[in-house]
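Please open the model in your viewer and keep the selection panel at hand. The stops below follow strand pairings and a charged contact.

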Amino acid sequence: MADASAIREHMEVIGADGAHVGTVDKVDGDRIKLTRQQGAVEGHDGPHDGHHHYVSIGLVADVEGDQVRLSATGANAVTFEEEGD
């Protein structure tokens, strides 16, 4: 697991397969809060529009440059997200 303190606002979150998962809003405890999405997002339609999603810090494999790379593929990381407010 990578150092969570290296994760910053506006970093791109990508899956192990290079798929875009989201953009960091902030680190919230042991998870990454992604920015609210507008419109359809890969793997998310309709009711997910405009909601925050979270990814567990435990899925972070590496933080490099402006990217947070996960140990799960983009499609699999989505199943670990939790809807928030």
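Begin by selecting Ile14 and His20: Ile14 stands opposite His20, which lies in strand E2. Strands here are DSSP runs of E with at least two residues, numbered from the N terminus. This is a predicted model, in which local features need pLDDT of at least 70 and side-chain atom pairs count only at pLDDT 80 or more, while totals for chains, interfaces and linings use all residues. Residues are numbered from 1 along each chain as its sequence is written, and side-chain values use heavy atoms, with hydrogens and water left out.

Proceed to residues 31-34, strand E3, which pairs with E2 in the antiparallel sense over 4 bridges. Select Lys26 to find its bridge partner, Lys33 in E3. The E2-E3 hairpin has 2 residues between its strands, and the turn residue Gly29 shows a positive phi of about 70°.

Finally, select Asp66 and Arg8, whose side chains meet in a salt bridge at 2.9 Å, N to O. Asp66 sits in the loop between E5 (60-64) and E6 (67-70), whereas Arg8 belongs to the segment before E1, 58 residues apart. A search of the whole structure finds 1 salt bridge (a side-chain nitrogen of Lys or Arg within 4 Å of a carboxyl oxygen of Asp or Glu). Asp66 is exposed at 53% relative accessibility, and Arg8 is partly exposed at 41% (buried is under 20% relative accessible area, exposed over 50%, partly exposed in between; 1.4 Å probe, protein chains only).

Definitions and conventions: Two strands pair if DSSP finds at least two bridges between them.
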